[in-house]
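This report describes the architecture of a two-chain model, moving from the overall fold to individual residues.

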Amino acid sequence: MTSQRLLTAYTWAFLLFMFGPLILMILSSFNDMSPPSITEWRGLTGKWYNFFWVDEATLRQDPVLRVLDRDRFVACFGNSLYVAGFVVPVSLLLGLAGAVLLTRWRSRANGLLWWVLLSPMLAPGIVLGLSALVFWGRLGVNAGLFTIIMAQTTFVAGYPMLILMARLQRQPVELEEAALDLGASPFRVFRRLTLPYLLPALISAGVIAFMASMENYNTTMFAKGGSCTFATEIGAMARNPNGHPPVINAVGTIIILLTVVFATAHAVLSRKEARA
Amino acid sequence: MHGKDVRLEGVQITYPNGFTAVQPTDLTIKAGEFFSILGPSGCGKTTILRTVSGFVEPTAGRVLIGGEDMRGIAPNGRPTALIFQNLALFPLMPVWENVAFGLESRGVPKAARRSKALELLDLVALRDQADKKPGELSGGQRQRVAIARALAVEPAVLLLDEPLSALDLKLRQHMRAELREIQRKTGVTFIYITHDQGEALTMSDRIAVMNNGVIEQVGTGDEIYSEPRTAFAASFVGEANQMQGRVCGLDGDMAVIETAQGRLLGRNPCGLKDGDEAMLFVRPEALVWASSRAPDTNRLIARPVRRDLEGSFVNIVLRTNTGANLTMHQVNTGAEIDMESDASVRFPCEQAVVLPKGPLAQTGQELAAQ
């Protein structure tokens, strides 16, 4: 009985540890006080959310919001979408190629190849960012969005590869052999069998690659040069010596909300697929 | 559709790890024949099938289909179609697209593909299931879809890798008849891999018995059953009583063998000589109760120890005075068997065969112990 109670207490402590900071962040995003606090409540407000769309005149009247550069923030967010727009398809292609190679090509070099392809995921992000900076610098390419895309792709491609490998390993090789035996070219086998089979995994891999690209900070920080992304800009705002504006809390809350919505949708969809 | 003949000339298959799955083998399968390769698991029969279909290149020797050397020709370029043990139906395509897949690969337009697929589904009585997914069909139906899909490419040779092993007994027996019928209708050469001697005996024109990468005997079902040429073939196909000993005399095409049960006489098809180590095999249905007037040859004294009712016949296990077990099959007439006292049994010498000593097939007891 005691052990049961201990386990319960531990579980609650764990949940508190996980979600406590998030709850504090959400609460303070509705408090009319900067820097954010919940110990001192100055009234419910939605202005930290309104920051993104209120008109210029109202913005200038607020002592906290007027010092923030809204246009720059939006531009940096746009940069992030632009970067992800390249990183996601390129990583999916590379990950797919790697997954097919590692699951279908029987060779003694497979083990070695696996580590080589996955090593960027395990390497410190700073190293990847720095090496991209140095490599492209030598080639005369200045640090910017291009170097961010290159640096992110090196490690983001690992996620689709792992996800697609897991799915490919579950497809019996006989299916592909049967298709070949019926006269199909390897390309047709890939298009008619492998690709439709991989589609759900490709979608989840795309979502994960997108999130990895959006939230990446350390690699991007080194490769960005004078440009900025969503993550680096939030980082810059958070380093404000006078405490960060609660706008960041509002952004964080929206991200949590989106995550919950996507996770629920994913759970519902996969349950539907499992039942079908 | 027309069947083609398949010839293996000195085909040997050694895997990269050094294991030789098939010893040098010569084998000719006639065009339009239902040919079975029968052997225990791991004997190399699937490897032969994969060699004919092109998934495995022989280490030595060559494969000819319709007289044409198949060296270097990939599976998608050979006039063969393979039915896999797990059927390998494409789960995401409806049944008709499965059947039409081979035609799709040959660039046949969609409407023609579908009508050809429906025609083939008619052949296997599944036309009304054409738009379902394979997962919605029963085991026997999936089986028939796999056959229709393989026939769609009009193969000259159809290769079947134990396709019935996943079905239950009744369905298996039904599918045997159906497969035989489809083979007769289409005239395609069937090469059928199985470890089930019942399947091989009921369906095949000819059977090859295989063990440890070697084809031990090729012949019709009757030949294999009644005139086995090796100890393995005699013990693997059907049941057989076996007695080990040494040849101690020859009499025309008969041989006398000295065993623990005494001197026994049987046919000598392999030309064994005096003093050779040998085994005598006799089928359970060849054993009969011996009357006192019967001749003394091939007479054994044994006591019935078990009577198993099989239905139309009775399986009687007897123990000889030297401790050996004998199995005897008798038509079930309802007659009582005296389990208390010694009896005299005998078998006609024409129905016994003396073969060179060699490895035997594993008994059920040995298989269960693994």
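What percentage of contacts in chain B between residues at least 6 apart in sequence join residues at least 24 apart? The share is 67%, where two residues are in contact if their C-beta atoms, placed from the backbone, lie within 7 Å. The model is predicted: local features need pLDDT of at least 70, side-chain atom pairs count only at pLDDT 80 or more, and totals for chains, interfaces and linings use all residues. Residues are numbered from 1 along each chain as its sequence is written, while chains are lettered from A and ligands numbered from 1 in the order in which they are written.

**Overall form and domains**

The C-alpha trace of chain B spans about 80 × 50 × 35 Å along its principal axes. Its secondary structure comes to nine helices and 20 strands; helices (H or I, at least four residues) and strands (E, at least two) are DSSP runs, numbered from the N terminus. Of the 370 residues of chain B, 41% count as buried. A residue is buried if 20 or more other C-beta atoms lie within 10 Å of its own, exposed if 12 or fewer, and partly exposed in between, with C-beta atoms placed from the backbone.

In chain B, the contact between the domains takes eight residues from domain 1 and seven residues from domain 2. On the domain 1 side, the elements that give two or more residues are strand E9 (206–211), strand E10 (214–219) and helix H7 (221–226) of chain B. By class, that side has four nonpolar, three polar and one charged residues. Here Ala, Val, Leu, Ile, Met, Phe, Trp, Tyr, Cys and Pro count as nonpolar, Asp, Glu, Lys and Arg as charged, and the others, Gly among them, as polar.

**The interface between the chains**

Chain B places 16 residues in contact with 16 residues of chain A. Strand E6 (80–83) and helix H2 (95–105) of chain B are the elements that give two or more residues to the side of chain B that touches chain A. The largest share of that side, three residues, comes from H2(B). Its composition by class is ten nonpolar, five polar and one charged residues.

**The loop between E6 and H2**

Leu87(B) is found in the loop between E6 and H2 of chain B, and Ala88(B) has its place in that loop as well. Phi of Leu87(B) is near 70°, a positive value in a residue other than glycine; for Ala88(B), phi is positive, near 55°. Leu87(B) counts as buried because it has 21 C-beta neighbours inside 10 Å. Ala88(B) counts as buried with 22 such neighbours inside 10 Å.

Arg106(B) lies in the loop between H2 and helix H3 (110–123) of chain B. With 13 other C-beta atoms within 10 Å, Arg106(B) is partly exposed. Arg106(B) and Val153(B) are 47 residues apart in sequence, and their C-alpha atoms are 8.8 Å apart in space.

The 14 residues of H3(B) should span 20 Å at 1.5 Å a residue, which agrees with the 20 Å between its end C-alpha atoms; the expected span is 1.5 Å times one less than the number of residues. The buried residues of H3(B) are Arg113(B), Ala117(B), Leu120(B) and Leu121(B). They cover an arc of only 100° around the axis, so they lie on the same side of H3(B); the arc is that of the directions from the helix axis to the C-beta atoms. These buried residues pack against H2 and helix H4 (139–152) of chain B. The face turned away from the buried side carries the exposed residues Ala111(B), Ala112(B) and Ser115(B). H3(B) is followed by Ala125(B), whose phi is positive, near 60°.

**Nonpolar cores**

A nonpolar core is a set of buried Ala, Val, Leu, Ile, Met, Phe, Trp, Tyr and Cys residues joined through C-beta atoms within 7 Å. The largest has 107 residues, and those with the most contacts inside it are Val99(B), Leu159(B), Ile191(B) and Leu280(B). The largest share of this core, seven residues, comes from H4(B). Apart from it lies another core, of 44 residues, among them Ala132(A), Tyr159(A), Ile163(A) and Ala205(A).
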